[in-house]
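Please consult the sequence and the model shown here.

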Amino acid sequence: MKDPHYFLNGLVNNNERIVREIYKNSFRQVLSFISNNKGQRTDADDIFQKALMQIMVRAKTRPFSINSSFEAFLFVSCKNLWRRELNKKKREVTNDQVIEHITEERDLAISVLEQERWEFFQEKLKLISDNCQLVLKQVFSKMSYKDIAERLGYSSENVVRQRVFKCKAKLVELIKSDMKYLQLKEI
């Protein structure tokens with residue numbers, strides 16, 4: 001597995017060979033995800049391209065490090081962009097009024113900000129206890145309290161509710177005590 005910064009630098013420097021390697025290594029997984037979530041090949045092409053642009057713009061404006069593989073980082077970026085796209089489509093209403101569309105630059109800026117917020121959240125999630133991480137991941141995946149209690153061996157749904165409350169409170173405390181939170185919140 002290559003260092004993620006190999007791909008990041010290749011992308012920033014517009015190295016055609018490395019960009020082709022990124023497509024070869026990652027596009028199939030993104031296409032599969034989008035196809036399985038109400039999308040087409042053209043959607044996957046667009047999202048993949050937007051994610052690459054987002055990563056490149058972000059790296060040029062404010063250097064950052066990737067703590068996973070480049071492929072995983074790119075996939076999460078594509079996944080977040082696609083979910084955002086699906087949410088936008090849900091809110092679109094067809095009527096006779098003129099609708100102002102968000103400019104491409106603003107859309108890119110918003111998606112970069114969302115990605116930074118997601119990474120910040122993931123960073124703070126790793127700082128809470130393993131048990132809290134496990135409980136919250138079950139909640140985030142929409143598992144019922146009853147199923148969580150059974151899976152994790154809690155005595156009742158109420159115990160799970162209390163645990164979720166305490167874990168969320170700890171996570172919120174960690175997030176709000178970081179100066180980066182204020183920066184990301186203000187933008």
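## Leucine 81

Leucine 81 touches Ile47, Lys50, Ala51, Gln54 and Ser111, leaving aside residues up to four places away in sequence; contact means heavy atoms within 4.5 Å. Leucine 81 belongs to helix H4, helices being DSSP runs of H or I of at least four residues, numbered from the N terminus. Leucine 81 is buried, at 7% relative accessible area; buried means under 20%, exposed over 50% and partly exposed in between, with a 1.4 Å probe and protein chains only. Its C-alpha atom is separated by 9.6 Å from that of valine 112, 31 residues apart along the chain.

## Basis of the model

The model is predicted: local features need pLDDT of at least 70 and side-chain atom pairs count only at pLDDT 80 or more, while totals for chains, interfaces and linings use all residues. Residues are numbered from 1 along each chain as its sequence is written, and side-chain values use heavy atoms, without hydrogens and water.

## Nonpolar cores

A nonpolar core is a set of buried Ala, Val, Leu, Ile, Met, Phe, Trp, Tyr and Cys residues joined through side-chain atoms within 4.5 Å. The largest has 28 residues, of which Leu11, Ile22, Phe48, Ile55, Phe70 and Leu74 touch the most other members. Helices H1 (4–12), H2 (16–35), H3 (41–61) and H4 (70–91) each supply at least two residues of this core. A second, separate core of 18 residues includes Leu113, Val160, Val164 and Leu174.

## Helix H2

A kink of about 45 degrees in H2 is centred on serine 26, the bend being the angle between axes fitted to the seven residues ending there and the seven starting there. Buried residues of H2 include Ile18, Ile22, Ser26 and Phe27.
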